[in-house]
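This report describes one protein model for a reader who is new to structural analysis. Please keep the sequence and the structure in view while reading.

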Amino acid sequence: ARDAVLAAATGPGMTSDGHAVPLLANIGGPRDVAAALEHGAEGVGLYRTEFLFLDRTAAPSEQEQEAAYLEVLNAFPGGRVVVRTLDAGADKPLAFLPPPGAEPNPALGQRGLRLLRAYPEILNTQLAALARAAARSSAKLQVMAPMVATAEETAWYVATCREAGLPEAGVMIEIPSAALRAADLAQEADFFSLGTNDLAQYTFAADRQVGALTALQDAWQPALLDLVALAVTGAVERGRPCGVCGEAAGDPVLACVLVGLGVTSLSMAAPALPAVRAALSRHTREQCLLAAQSAMTTVSAQEARAAARSQLPGLA
Ligand code: PEP
Ligand code: MG
């Protein structure tokens, strides 16, 4: 019994009937690895590499990047580490990487993968550093692109990664068009990771940096749940896994709903891991499915949450 209690506290994520849902950490670099391990992360679901590039006048060298990536990979021997290639743009500005044109609407501008296509040498250096780090580690490295809108962008990114010696490449689903045509994107990508923060921003046309709009940034909004369901359906059609790495994954009730919708892994800030692990361990996959179905019949975020909770009796 003590072993069961310990496993529920730090073991791998799973529902009470044994359906595995890997619980991964969102990190910003090697400094966040200790907290991820302490909270029992099974790997890294989102390594935001922006932090390596911030506050400097030139891009980090391939060697410097390789060292940072290797440090993270070595912390998860045999585990999965998903590294997101640089997500910069006018909304996440870098001194040495300005968008090529003026941008009155930064969140709708040349950010993420769009910017890297304008500066291919930045992406190529990053991919080379990642390939070198992967060759020196036993962790399973996967790379993924931010701000992907189309199947064409997905195909370009995956081909570029494979040419660089990185066989496993996926994309974030954080633009509604990507969720709407998920099966087309899944034909090209090895996996999806749903970025619910930006997906909410773009779905509700509500800037995530404007505090007055936080109610529209709520991942419980039924429209957002619909897009998650669409993305999962597209992924399943092509036999691809679909995780979540936005803030939504760290809400224990919503985490159960996401599992009910068919999401295959959850990545979150490390301190959120224990409560999500506990919530999953107290419910069956069927209860998660019923919670998701109940939430999706409602017409507001508040009702969706209440409906889901009523199907999840194991939550405090
Ligand atoms: C997201 O958009 O949900 C996400 C995980 O990425 P970021 O918060 O870094 O934009
Ligand atoms: Mg994002």
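Leaving aside its neighbours within four places in sequence, with which residues is Ser177 in contact? The residues are Ala149 and Thr150, where contact means that the C-beta atoms of two residues, placed from the backbone, lie within 7 Å. Ser177 belongs to helix H8, residues 176-180. Helices (H or I, at least four residues) and strands (E, at least two) are DSSP runs, numbered from the N terminus.

Ser177 is partly exposed, with 14 other C-beta atoms within 10 Å. A residue is buried if 20 or more other C-beta atoms lie within 10 Å of its own, exposed if 12 or fewer, and partly exposed in between; the C-beta atoms are again placed from the backbone. From C-alpha to C-alpha, Ser177 and Thr154 are 12 Å apart in space, and 23 residues separate them in sequence.

## Basis of the model

This is a predicted model, in which local features need pLDDT of at least 70 and side-chain atom pairs count only at pLDDT 80 or more, whereas totals for chains, interfaces and linings use all residues. Residues are numbered from 1 along each chain as its sequence is written, while chains are lettered from A and ligands numbered from 1 in the order in which they are written.

## Overall form

The protein has 15 helices and eight strands. Its radius of gyration is 19 Å, close to the 20 Å that the globule rule gives for 316 residues, so the protein is as compact as a globular protein of that length. The radius is taken over C-alpha atoms, and the rule is 2.2 Å times the number of residues to the power 0.38. Along the principal axes, the C-alpha atoms fill a box of roughly 55 × 45 × 35 Å.

Of the 316 residues, 49% count as buried. Among contacts with a separation of 6 or more, 66% join residues 24 or more positions apart.

The largest nonpolar core has 103 residues, of which Val44, Ala231, Val257, Leu258 and Leu266 touch the most other members. Such a core is a set of buried Ala, Val, Leu, Ile, Met, Phe, Trp, Tyr and Cys residues joined through C-beta atoms within 7 Å. Beyond four places in sequence, the contacts of Val44 include Leu24, Ala25 and Ile27.

S1 runs parallel to strand S8 (residues 266-269), joined by four bridges, and it pairs with S2 in the parallel sense over three bridges. Two strands pair if DSSP finds at least two bridges between them. Asn26 stands opposite Ala269 in S8 and has Leu46 as its bridge partner in S2.

## Surroundings of ligand 1

The shell around ligand 1 consists of Leu46, Arg48, Asp87, Glu174, Gly195, Thr196, Asn197, Asp198, Cys245 and Gly246. A residue is near the ligand if its C-beta atom, placed from the backbone, lies within 6 Å of it. Two of these residues are nonpolar, four polar and four charged. Here Ala, Val, Leu, Ile, Met, Phe, Trp, Tyr, Cys and Pro count as nonpolar, Asp, Glu, Lys and Arg as charged, and the others, Gly among them, as polar.

Helix H10 (196-203) and strand S2 (43-48) each supply at least two shell residues, and H10 gives the most, with three. Seven of the eight residues of H10 are buried, and H8 is one of the elements that cover them.
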